[in-house]
Amino acid sequence: MAPFEISTLTGSLPYYLIFLFIGIAFGAVLEMSGFGDSRKLAAQFYLKDLTVLKVMFTAIVVAAVLIFTSSAFGLLDFSRLWVNPTYLMPGIIGGLIMGVGFIVGGFCPGTSAVAAATLKLDGIAFVIGVGLGTLLFGETAGLLGGARFATFGGRYTLDELFNLPIGVVVVLLVIMALMMFWAAELAEKHFGRGQKISLKGLLPSNRKYITAASALVVVAFMVAVIGQPKPLDNWKKLFTAAATSLDNREPYIHPAEVVEWRQDDTVYVRVLDVRTERDFNQFHLQGAINISLDILKDKSYLKMLKTVPDNMLTFVVSNDETWAAAGWKQLVGAGFKNVYIIDGGINNWLKVYPTDPCIASPITKGNLKDEQLAYRFQKAIGDNCYSSHPEVKTKKSPTECDWKENPKLKEAHNDAVIREIPFDVDRKITFERKVKMQKNKSMAGGCG
Amino acid sequence: MNNKTKTNTYINPYLGGALLGIVLFLAFFITGNGLGASGAINRVMVAVVKLFASEHVDTVGYLANLGGGNSDTLANSGVAMLFGTLFGGFASGLFHRRLKVELRKGPSISPTTRIIMAIIGGIIMGYGARLARGCTSGQALSGGAVLSVGSFAFMFSIFIGAYALAYFVRKLWN
């Protein structure tokens with residue numbers, strides 16, 4: 001499913017060639033539309049020649065319709081497309097500044113590159129100016145301090161702003177663009193060619209335009225009606241090829257590998273514990289977050305969870321594996337990267353990293369149900385024992401077993417080998433390493 | 001200076017927009033990212049500065065991010081795209097016989113004024129683009145196609161900024 005995982009190609013020749021060819025197409029279309037000519041570009045702002053408006057909004061609307069049509073048919077995963085994070089105030093102020101730059105200089109960066117390529121001297125001058133301007137920004141960025149990051153809205157799309165389905169937003173966008181084009185044609189007629197506009201002239205008359213516009217509206221409507229796939233549908237598509245991924249145990253990670261990653265300074269490890277609050281309080285990994293599977297279905301919560309750096313590694317855990325697998329499917333379907341499941345869950349974790357036997361002992365009597373904690377805890381220790389953080393190599397365990405006070409515990413304590421920590425912390429555990437960290441995006445933003 | 005350009009050979013703007021929309025869609029479809037230019041120009045500049053003053057690049061935070069130390073500033077997808085854009089513009093200009101060393105300007109100003117204003121406009125534009133984290137290709141077009149709120153706000157701001165100032169700089173163009 002598109003977009004393709006080209007981040008695996010990063011640095012190779014095919015990788016750069018892809019972007020080179022996209023750039024070539026981009027530059028050619030800009031030049032063919034007349035964007036290499038600063039007078040034509042500046043004429044926008046005197047309402048004489050509204051080519052820029054027509055090209056830009058046609059491009060946006062056509063691209064959006066294509067994107068969301070492919071998404072509706074499950075060909076493209078919208079959640080994995082790079083959406084420029086919204087920094088509202090820097091965006092608005094930067095935009096106003098750029099507007100000034102545009103009308104003074106007659107270009108924007110992309111068009112000036114095209115103009116420079118076609119030997120326009122003002123284009124070349126402008127490109128140099130842009131370079132200097134970016135350097136100026138680089139030198140003075142410190143002065144702006146935190147203001148540069150103000151009003152961060154993250155990945156914020158119009159459907160979220162207006163609380164409307166994406167398909168409806170696309171239809172409205174198409175209609176808005178068509179109305180702007182109609183107004184643009186009239187403006188060009190009046191301001192550009194100095195012609196009077198009669199009442200009859202208000203109606204669009206060009207047959208080709210009317211056909212194209214109608215086709216666009218029809219397609220947009222279709223997309224709105226079909227709707228966008230839900231995360232669970234995505235999961236099925238995302239993993240059609242690797243449908244056996246769960247069966248092959250690919251996402252299941254041995255506790256010792258989890259511990260290794262927790263020791264890795266270059267990676268943030270996040271543990272999502274989908275068990276009940278009671279079990280969580282009995283014992284959990286240090287730093288684990290307790291979330292119910294229900295909350296994982298909430299779109300805005302998922303979005304918050306998903307807004308993480310590239311080097312964030314997420315492990316989902318439950319007592320056994322059923323609940324964790326359900327949570328994992330939810331996350332993967334919502335497009336999360338670098339998500340894995342702890343093999344065997346907490347029950348297995350405590351086998352690999354047992355606690356002091358009188359703090360928790362395995363339940364041996366009776367049949368254990370699936371997703372039941374297989375240990376009886378004398379008290380809820382949370383993360384206050386060595387097993388919660390085996391990555392911290394210390395030979396001391398913070399828990400105190402009050403076996404001296406409690407005769408019942410004394411037996412269990414006496415039976416166990418008396419050590420600070422009930423296993424050798426330096427022992428070598430053999431396991432298969434399965435985690436492969438994936439990067440989310442190749443460019444830090446549309447403009448790098 | 002010759003102010004005439006073969007305007008009647010430019011393609012219909014709606015057709016141009018449709019083609020651009022297709023290119024934009026393909027960019028997203030294949031790479032997951034849209035188009036862009038200002039970031040790449042930024043990188044090229046940093047690479048140039050690095051040739052003369054590499055310690056300086058290492059010390060200024062924003063620049064160091066792009067080219068500090070041993071990092072290869074130019075080994076970046078955006079830079080590849082920029083070179084493609086330059087080549088595509090050149091090829092199209094060549095094919096349509098629009099390759100001409102010339103200066104486009106309004107009739108009432110001198111070429112020198114135009115060049116100076118182009119540089120100044122570029123500096124302003126470059127600064128604003130880094131603040132807004134994108135330019136019209138990156139933020140407006142690409143962000144617009146994926147319905148980013150910030151991108152639409154940004155787009156309208158550019159138009160407002162330009163239209164507001166248009167009257168005062170009308171001598172440059174008319």
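1. In this predicted model, a salt bridge joins B:E102 to A:K120, and the closest N and O atoms of the pair stand 3.4 Å apart. It is one of four salt bridges that the rule finds across the interface of chain A and chain B.

2. Turning to which element of chain A contributes most to this contact, helix α6 of chain A, residues 121-144, supplies the largest share of the side that touches chain B, namely 20 residues. By residue class, that side of chain A divides into 82 nonpolar, 30 polar and 12 charged residues.

3. As for the extent of the interface, 124 residues of chain A are in contact with 122 residues of chain B. Between them the two chains bury about 11,000 Å², of which 75% is on carbon and sulfur atoms. Polar contacts are also present, with 27 residue pairs found across the interface of chain A and chain B, both residues of each pair being at pLDDT 80 or more.

4. A separate point concerns A:H389, which is found in the loop of chain A that runs between β9 (375-377) and α16 (407-415). Is this histidine, A:H389, buried or exposed? A:H389 counts as buried because its relative accessible area is 9%, and the cut-off for buried is under 20%.

5. Regarding the surroundings of A:H389, a polar atom of its side chain lies 3.3 Å from the backbone oxygen of A:C385. When neighbours within four places in sequence are left aside, A:H389 is in contact with A:R262, A:Q286 and A:D383.

Key
Residues are numbered from 1 along each chain as its sequence is written. Chains are lettered from A and ligands numbered from 1 in the order in which they are written. This is a predicted model: local features need pLDDT of at least 70, side-chain atom pairs count only at pLDDT 80 or more; totals for chains, interfaces and linings use all residues. Side-chain values use heavy atoms; hydrogens and water are left out. Helices (H or I, at least four residues) and strands (E, at least two) are DSSP runs, numbered from the N terminus. Buried means under 20% relative accessible area, exposed over 50%, partly exposed in between (1.4 Å probe, protein chains only). A polar contact is a pair of N or O atoms within 3.5 Å; within protein, one must be able to donate a hydrogen and the other to accept it, and residues adjacent in sequence count only if both atoms are side-chain atoms. Contact means heavy atoms within 4.5 Å. Buried area is the accessible area (1.4 Å probe) that two parts lose on being put together, summed over both. A salt bridge is a side-chain nitrogen of Lys or Arg within 4 Å of a carboxyl oxygen of Asp or Glu. Ala, Val, Leu, Ile, Met, Phe, Trp, Tyr, Cys and Pro count as nonpolar, Asp, Glu, Lys and Arg as charged, and the others, Gly among them, as polar.
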